[in-house]
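Me: I'm new to this one and would like to go through it slowly. Could you put it up and take my questions as they come?

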Amino acid sequence: MELISADNGMSPTWSPDGQQIAFLSNRAEGWDLYLMPASGGPATRLSSGATADDPAWSPDGHWIAVERNHRIEAISASERTFHTLVEGGSHPSWSPDGRLAFVRNRDLYVLEPVREPGLKTGLEPAPEPAPERGGHEHLLLRDADQPSWSPGGDSISFVRHGIWTLDLQTMIARPRTHDASDQSPSVAADGDVIFVRHDALVIVHPDGSLSLLPHLPNPAGAPVAHPTNLDQIAFHLHDGGNWDIATASLEHGNVQRITRSSWTSWNARL
């Protein structure tokens, strides 16, 4: 396998055009946010000084939301400046029209943005210490974790002792899977939900059928569907205490690591 980039990574998120991947790496002092081409290449460090988690790219590509300093902050990918969005939130996920779903105490909320002219996203980041002035928080659902918007913005998939989906028109939540190990849902453009079950990647289709993906490597985590290519995903791989970002074809495999840590057994298998 071709070596693309040095050092490790986890929790990838695609840019809306699919050309870049933001991810986390502890190659410096701690878990910071980095940016690199989706095809591989040098990585640019975007954050420092506080551990970042759960990155999510805004639909127009201007902002990347992360959990940081016990709140959700958004960094401008071009200006590299942080703005507080939500106090005490985690697992940010952006809708196609700029709403931000997040979790607080395992309850699902949505931050409705303030629309202001001249902003690239229409999202007005909130000044500290009053993030509520930057938008309006709404409690959507109790006992819900790890939200992922559908590409059409009409539903949110989440974790509740399995994978569930909340229809935002009817406000009815229905279970999609029933295995308590199911984690990290990501909704593709065709409605498929890619998730992790027992460290392996699995798909639940709109009709409720499951597709196992034994041709893809594991242990794997944090799958994220490509914004336009239904066949491609990014995810992270774990081996021997290290993590790497990889992309793959859902149908054919074709796994490509785009970061490289000090791996042992996967080097022998790929």
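Reply: One term before the rest: buried means under 20% relative accessible area, exposed means over 50%, and partly exposed lies in between, with a 1.4 Å probe and protein chains only. This is a predicted model, in which local features need pLDDT of at least 70, side-chain atom pairs count only at pLDDT 80 or more, and totals for chains, interfaces and linings use all residues. Residues are numbered from 1 along each chain as its sequence is written, and side-chain values use heavy atoms, with hydrogens and water left out.

Me: Okay, are Phe-23 and Tyr-34 buried or exposed?

Reply: Phe-23 and Tyr-34 are both buried.

Me: And how many aromatic pairs does the structure hold?

Reply: There are 3 aromatic pairs in the structure, where rings of Phe, Tyr and Trp (its six-membered ring) pair if their centres lie within 6.5 Å, and planes under 30 degrees apart count as stacked, over 60 as edge-to-face and the rest as tilted. One of them joins Phe-23 and Tyr-34, a stacked pair at 5.9 Å centre to centre with 25° between the planes. This pair links distant parts of the chain, with Phe-23 in strand 2 (residues 20-25) and Tyr-34 in strand 3 (residues 32-37), 11 residues apart. Strands here are DSSP runs (E, at least two residues), as helices are (H or I, at least four), numbered from the N terminus.

Me: Why is the pair of Phe-102 and Tyr-109 stacked?

Reply: The ring centres of Phe-102 and Tyr-109 are 5.4 Å apart and their planes stand at 10°, so this pair is stacked. Phe-102 is buried, and Tyr-109 is buried too.

Me: What is the bridge partner of Tyr-109 in strand 12?

Reply: That partner is Leu-139. Strand 11 and strand 12 (residues 135-141) pair in the antiparallel sense over 6 bridges, and two strands count as paired if DSSP finds at least two bridges between them. Strand 11 also runs antiparallel to strand 10 (residues 100-104), to which 5 bridges join it, and Arg-104 stands opposite Asp-107 in strand 11. The hairpin of strand 10 and strand 11 has 2 residues between the strands, and Asn-105 takes a positive phi near 55° there.

Me: Why is strand 11 largely enclosed?

Reply: Of the 7 residues of strand 11 (residues 107-113), 6 are buried, so the rest of the structure largely encloses this strand.

Me: Switching topic, which strands form the open sheet?

Reply: The open sheet has 4 strands in the order 17-18-19-20, with antiparallel pairing. Strand 17 and strand 20 (210-212) each have a single partner strand at the edges, so one side of each is left without a neighbour in the sheet. Strand 19 (residues 200-204) pairs with strand 20 over 3 bridges, and Val-202 has Leu-212 in strand 20 as its bridge partner.

Me: What about pockets, which residues lie nearest the centre of the largest one?

Reply: Thr-13, Ser-93, Ser-148, Ser-186 and Val-224 lie nearest the centre, among 40 lining residues. On a 1 Å grid over the protein atoms alone, a pocket is an open set of points with protein on both sides within 12 Å along at least five of seven lines, whereas in a cavity a 1.4 Å probe fits but cannot get out, and lining residues have an atom within 4 Å of a point. Strands that each supply at least two residues of this lining include strand 1 (10-14), strand 9 (90-94) and strand 17 (183-187).
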